[in-house]
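Work through the exercises below with the model open. Each task is followed by a stepwise solution.

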Amino acid sequence: MMSVYGWLMFMPAATFLIAFTYYPTVATLAKSFYSQGTALRAAEFVGLENFEYMLDDDVFWQVAWNNVIYAAGTIPISIALAIAMALWVNGRLPLKSIARMAYFTPTILPMIAVANIWLFFYTPDIGLIDQFTRLFGIPSHNWLGDPNTVLGCIIVITIWKEAGFFMIFYLAALQSVSPELEEAAKLEGASRWYFFRRVLFQILMPTTLFVLINAVINSFKLVDQLFILTKGGPDNASSLLLYYIYEVAFSFLDQAYASTLTVVLLAVLALIAIGQFVFLDKRVHYQ
Amino acid sequence: MLRFLRNSARKLALAAAFSMSLTSIAAAVELTMYYPVAVGGALTKIVDGLVADFEKENPDIKVNAIYAGNYNDARIKALAALKSGEPAQLSVMFSIDIYELIEQGAIVAFDDLVKTADEKAWLNSFYPALMENGRTQGKTWGIPFQRSTIVMYYNKDAFRAAGLDPENPPATWDELVAAGKKLTKKNGDAVEQWGAMIPSTGYPYWMFGALAMQNGQTLMNGDGNETYFNAPATVEALEFWKSLGSDHGIMPSGTIEWGTLRQNFLEGKTAIMWHSTGNLTTVKNNASFDFGVAMLPAQKRRGTPTGGGNFYIFKDSTDEEKAAALKLIKFLTQPERTGEWSMKTGYLGTRPDAYATSTLQNYVKEFPPAAVARDQLEFATAELSTYQTGRVRKILDDAIQAALTGSKSPAEALGDAQKQADRLLKRYR
């Protein structure tokens, strides 16, 4: 009787998980081995043909490489900024709550709205950035129209958006650090940098692991701004893997190939998550 | 327990009443129509008003008009609804979705639906240029509804300041370059006002269709299974576009953002912009200077692609529903309604007799730029549309952007694009 009760409790969550997570995952995997069917041509089993096509697809390699740069650009900087901001607003500061709120604001703004604002920051000639640089006599630059700068522009927005969110986790962790530690370190004559490196940073390790996993997932997941800012252009210079999947699925209506790309994305994310838990976990000291 | 019984009895009664009301509606024909809005705002209200008028005239037909986002969303929603067996009898969708919809077996040709002589005449009452994107395989699959073209907006005050005749906008490529050079104002290295801007994000293939046509070249054939991306005239057109920035210095180099271009024009950062007629009302309401609207300039000839949405009727509906859908489409494309629609939205009147109605005649008299798009229709051609249209379009977009940003030469970029397009379209020949 008790076990029936247990299963009943489990049912609602399980239903949702199966319907919206496990079934789609399995269906996607299955679809990646079939061709795209139309009314005239039914879908048929093609084995690894979609994956071969992917290896041949220059755009896929370009967006994959873009995604690596995007991750490498956003993750370390946003985490470093988050720690710095958390330390800053954790201290004794006049108007502390206002400073905290200011740092957190980017997180609560919807990305699409934010991207529209940044679009006008980056616009050549009439944009905020160009108006500012003009004061110093620097000629205007077509930030989003130049393949060399466009990905950097996207990275900056993502850092701006994410850092405040990560700061909240660090702030919460810092609040639970006992002040006696700092006093003891001071008595021993440790410098502030030494105290941060050998004590605080170690205590923050579990938070860092959590934030790191979130940041990695976000670097694959956060593509909303592309819809407004660049649509992946110019010539795919700012396109990311998830945006490309969207394009393939809904603009090219090729669900078979979109499934193939999704399977690869899932595999990469799974590998990274396993890697982080297995290898990093050993170096994290929980209190 | 008693309360439980009473509750369930009440629910049963409700359910019975509900199903009865459903059957009574089902006695009449019920139509579901998806439609997109690409230019935002009050358009949904206008559509609701038109549909309400139709229902008043035809009490036996009920229409559910469902706003479905932009063109992309509308196509996805309509196709998804069809796949899941939900009823939808007609939709407004992107005119260039035609091959996709045929390939999916989703739509029927209007030739198979029209019966009376009156209906057949109606099928031929639209501007031929607007029908190009709706016709293939010798049949008509789409009826023009919300359609646009590209026009040239120019700042008359800037023209006067540069010593140009504001009533005589550039009519050829050479005149465009010459005027652009006079209009480009520099302060040291910084450009204060550009001569011209042609947007190259969002819909680069659309703008490029205009340039290619002006050079006497279409981008694809009428069967949608062949592209002419590497034709010499196409390459010349892209070289010209690139040269505006790189050689003549009258346009910023790199790509130009579709979304902020209108603001650039309104703030006087560019004296000329090429944009959709759909912007006419907004520019009219927001320009602080005297502006003009002109046809796009010519090289070998004038030219612009058309754009926008067509009506389609879905195959999976009963004959009765198809007849009702046809009735609705005929109602919405009557000259009077088309004229009213055009005036309220800035979209084209889709047929010559719409411009003969008093509504549009008065509007054009009061605001002459509204007629430019109509007069340009004579030179218009179909928008890029092929089988695998999403992919083919993207291939061309990428090639254009690669050339404009200098990562490939125009000939190289278009040659690669043609090769990729050939690979996709081979199996449709």
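**Exercise 1.** Where in chain B is B:Glu86 found? Classify its exposure.

Solution. Step 1: B:Glu86 is in the loop between α3 and β3 (90-94) of chain B. Helices (H or I, at least four residues) and strands (E, at least two) are DSSP runs, numbered from the N terminus. Step 2: B:Glu86 is exposed because it has 11 C-beta neighbours inside 10 Å. The cut-offs are 20 or more other C-beta atoms within 10 Å for buried, 12 or fewer for exposed, and partly exposed in between, with C-beta atoms placed from the backbone. Step 3: 9.5 Å separates the C-alpha atoms of B:Glu86 and B:Thr32, which are 54 residues apart along the chain.

Conventions: residues are numbered from 1 along each chain as its sequence is written, with chains lettered from A and ligands numbered from 1 in the order written. The model is predicted, so local features need pLDDT of at least 70 and side-chain atom pairs 80 or more, while totals for chains, interfaces and linings use all residues.

**Exercise 2.** Describe the side of chain B that touches chain A.

Solution. Step 1: 29 residues of chain B contact 27 residues of chain A (contact: C-beta atoms, placed from the backbone, within 7 Å). Step 2: α17(B) gives the largest share, six residues. Step 3: sort this side by type: five nonpolar, 15 polar and nine charged. Here Ala, Val, Leu, Ile, Met, Phe, Trp, Tyr, Cys and Pro are nonpolar, Asp, Glu, Lys and Arg charged, and the others, Gly among them, polar.

Key:
Two residues are in contact if their C-beta atoms, placed from the backbone, lie within 7 Å.
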